[in-house]
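Hello,

Here is the structure I promised to pass on. Have a look at it first, and then read on for what turned up in it.

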Number of protein chains: 2
Amino acid sequence: MTEFAPPATRYFALPSPFPMHRGGVLQQARVAYETWGQLNADASNAILILTGLSPSAHAASSADDPQPGWWEPIIGPGKAIDTDRWFVVCVNHLGSCKGSTGAASIDPETGAAYRLTFPDLSVEDMGEAAYALMQGLGVSQLACLVGCSMGAMAALALLVQHPDFSRSHINACGAARALPFSIAVRSLQREAIRLDPHWQEGQYDDANYPDTGMRLARKLGVITYRSSLEWNGRFGRVRMDEVDTDTPFSAEFVVESYLDGHADRFAHFFDPNCYLYLGRAMDWFDIGEHAIDPHPQVHCEANVVAALSRTRVGKALVLGAITDILFPIPQQEEIAAGLAASGADVRFHAVPSEQGHDAFLVDHERFGALIGAFLKEIV
Amino acid sequence: MTEFAPPATRYFALPSPFPMHRGGVLQQARVAYETWGQLNADASNAILILTGLSPSAHAASSADDPQPGWWEPIIGPGKAIDTDRWFVVCVNHLGSCKGSTGAASIDPETGAAYRLTFPDLSVEDMGEAAYALMQGLGVSQLACLVGCSMGAMAALALLVQHPDFSRSHINACGAARALPFSIAVRSLQREAIRLDPHWQEGQYDDANYPDTGMRLARKLGVITYRSSLEWNGRFGRVRMDEVDTDTPFSAEFVVESYLDGHADRFAHFFDPNCYLYLGRAMDWFDIGEHAIDPHPQVHCEANVVAALSRTRVGKALVLGAITDILFPIPQQEEIAAGLAASGADVRFHAVPSEQGHDAFLVDHERFGALIGAFLKEIV
């Protein structure tokens with residue numbers, strides 16, 4: 001499924017075999033990545049960015065790909081993540097479909113796509129693959145590890161398993177463990193795909209594709225990524241200019257056509273099986289499982305703090321959006337508490353963005369200012 | 001679809017023809033209702049309850065139906081709505097399928113179920129049908145009109161169109177107009193049903209039923225009716241005792257089996273076409289359209305206040321839950337502002353319930369205490 005990879009994508013071959021957190025193994029796997037800026041002589045100026053669920057590694061434009069990236073206003077010369085100073089790397093998560101090995105990739109042992117034979121995927125694997133990439137690029141220690149949303153989960157896993165890997169950390173709209181509201185949302189997204197007759201237990205093709213399930217899943221995602229406050233101002237009760245009166249119960253409000261637009265741009269541009277794997281990986285994630293002598297109660301903030309106290313970043317910036325219903329503010333407070341328990345100098349901001357979970361993607365003014373100010377202090 | 005009507009259901013024939021708000025007409029239509037307590041000699045002690053989207057008129061148990069009702073802890077002798085004092089009526093909304101005429105009912109002109117030939121349904125029609133019922137029962141003025149969720153919308157419509165109909169009003173978890181977050185949720189619920197191949201533009205039967213769409217729609221509903229805060233404490237990350245390991249990506253967490261249980265209890269116990277009609281009626285609802293000389297801007301709180309200033313209840317109790325993401329607190333504040341503009345003595349409470357929009361259904365302690373105290377003061 002390399003057609004999903006943007007033009008500036010580069011590839012890194014992971015150590016083979018690559019052992020997975022839940023026991024599987026990948027052969028000849030790779031991750032896709034892009035870079036901006038120059039690595040300095042002592043390889044001390046690297047920043048690694050771990051993305052949310054669906055973006056590619058194309059976080060910003062470059063000479064090789066002038067298309068704006070998903071964090072274009074944040075990354076570049078003189079911007080919050082200043083590519084004149086930093087060597088910036090963004091990786092497409094292992095298990096995704098934007099150039100990295102995932103369920104849509106060819107299994108070298110069979111010559112056919114993995115589909116559901118892809119091994120169990122964990123957030124921890126995403127972290128390990130990104131770690132291997134940076135070793136391969138000659139970077140043994142980052143100046144800063146930046147994680148957003150699902151990438152913020154992967155960043156925490158990485159920092160617990162490799163405590164000296166980064167001197168600082170920015171955690172944006174993240175979670176140290178999946179909690180039931182977001183599990184319910186992702187479970188329902190998976191169900192919409194699985195119950196689409198065209199999914200066929202993962203054996204779909206372009207002509208016979210679970211379009212309906214993917215559209216429903218994406219729309220549900222978008223509903224939980226934004227906030228009612230933002231939508232009140234943005235859409236209100238405004239009607240669409242044209243309504244399909246031949247189709248019963250078709251869309252009438254602009255907010256509905258907005259969701260349709262998101263579905264149009266997603267359903268055939270993300271692999272359904274990869275989407276299932278990535279969502280379940282998030283559900284499974286609980287950094288508390290990495291605590292030494294974890295408390296046996298599964299729902300326990302103490303384990304989260306105990307696990308995160310194993311990290312060794314000197315400084316951390318933890319950001320959440322007050323309108324985020326998917327990873328609400330108490331989840332970022334928990335991350336901040338855990339990192340503080342490690343002895344890190346932690347700054348926590350409940351950012352007053354209106355845009356919900358997606359605030360890190362779209363409230364560039366607030367998030368950019370906080371990230372820029374933080375990085376200016378990193379040595 | 002009278003099989004959905006509980007045993008104590010009684011029926012009231014609406015005036016025929018019954019004109020609908022958006023221009024259609026119903027012939028020989030009826031509404032289902034139940035009553036508790038005794039109407040006094042001057043018919044001054046009646047309370048009418050308008051329900052949320054899915055309940056029947058069986059709000060409480062009675063000699064005719066000892067099964068607990070949907071508001072059992074609130075209604076009964078000595079309870080918050082004290083049936084020793086009040087004559088209590090609960091009506092199944094026009095357009096629903098629990099005994100009232102709706103899309104699942106037989107059209108007397110054809111002898112076949114209406115399905116999609118049912119006329120456009122509005123929240124206003126629900127209010128008018130309930131009004132006609134009370135006239136039929138010999139009640140020209142209520143002591144109190146109680147509306148919950150969708151029924152709170154219908155109550156506002158009724159009070160604007162019949163300002164002298166009630167001496168007081170209780171509005172629980174209501175909204176004066178649909179806003180885009182809830183429109184998006186309901187639109188997605190409808191889409192899940194419409195895209196189910198078994199829906200067949202409303203021509204399903206029991207053997208060929210849009211079960212998948214109804215299950216997805218109900219689960220999405222439940223996700224938005226509760227709150228992440230409640231679910232953190234209730235489900236945490238607890239796993240199910242038994243997992244279906246033969247089905248890829250099947251449920252693993254208790255929160256997922258909870259959603260399955262809700263879907264089991266709903267999918268075949270509510271008519272899919274009725275569900276489509278009721279949801280769209282909510283999307284269309286904006287009490288601001290009833291303002292005299294409404295402001296032309298469609299998204300305008302001023303119109304809501306102007307419309308509600310036409311009501312004439314002496315006292316009103318407006319309740320919202322601070323964790324409600326579907327009809328969030330600003331929507332109840334708007335209702336309170338509008339009722340206050342009419343000159344009513346308005347009490348507003350942002351109730352600190354954990355259970356989200358469903359708090360009025362399940363936080364009996366808080367909601368019951370507030371409702372009981374309010375009704376004690378009603379003459």
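A salt bridge here is a side-chain nitrogen of Lys or Arg within 4 Å of a carboxyl oxygen of Asp or Glu. One such pair is A:R226 and A:D358, whose side chains meet at 3.2 Å, N to O.

A word on the basis of all this. This is a predicted model, in which local features need pLDDT of at least 70 and side-chain atom pairs count only at pLDDT 80 or more, while totals for chains, interfaces and linings use all residues. Residues are numbered from 1 along each chain as its sequence is written, chains are lettered from A and ligands numbered from 1 in the order in which they are written, and side-chain values use heavy atoms, with hydrogens and water left out.

**Inside chain A**

Chain A splits into domain 1 (2-178 + 286-376) and domain 2 (183-279); the bounds come from an automatic or database domain assignment. Their C-alpha centres are 25 Å apart. Where they meet, 30 residues of domain 1 are in contact with 25 residues of domain 2, contact meaning heavy atoms within 4.5 Å. Together the two domains bury about 2,400 Å², 64% of it on carbon and sulfur atoms. Buried area is the accessible area (1.4 Å probe) that two parts lose on being put together, summed over both. On the domain 1 side, A:L53, A:R115 and A:L116 supply 26% of the area buried against domain 2, more than any other three residues. The count of salt bridges between these domains is one.

**Between the chains**

What does each chain bring to the contact? Chain A and chain B give 52 residues each. They bury about 4,800 Å² between them, with 68% of that on carbon and sulfur atoms. From chain B, the residues B:F181, B:R237 and B:F249 supply 19% of the area that this chain buries against chain A, more than any other three residues.

The interface of the two chains has six salt bridges. Among them is B:E256 with A:R190, where the closest N and O atoms are 3.8 Å apart. Several elements of chain B give two or more residues to the side that touches chain A, including α3 (180-194) and α6 (254-266); helices are DSSP runs (H or I, at least four residues), numbered from the N terminus. The largest share of that side, eleven residues, comes from α3(B).

Happy looking!
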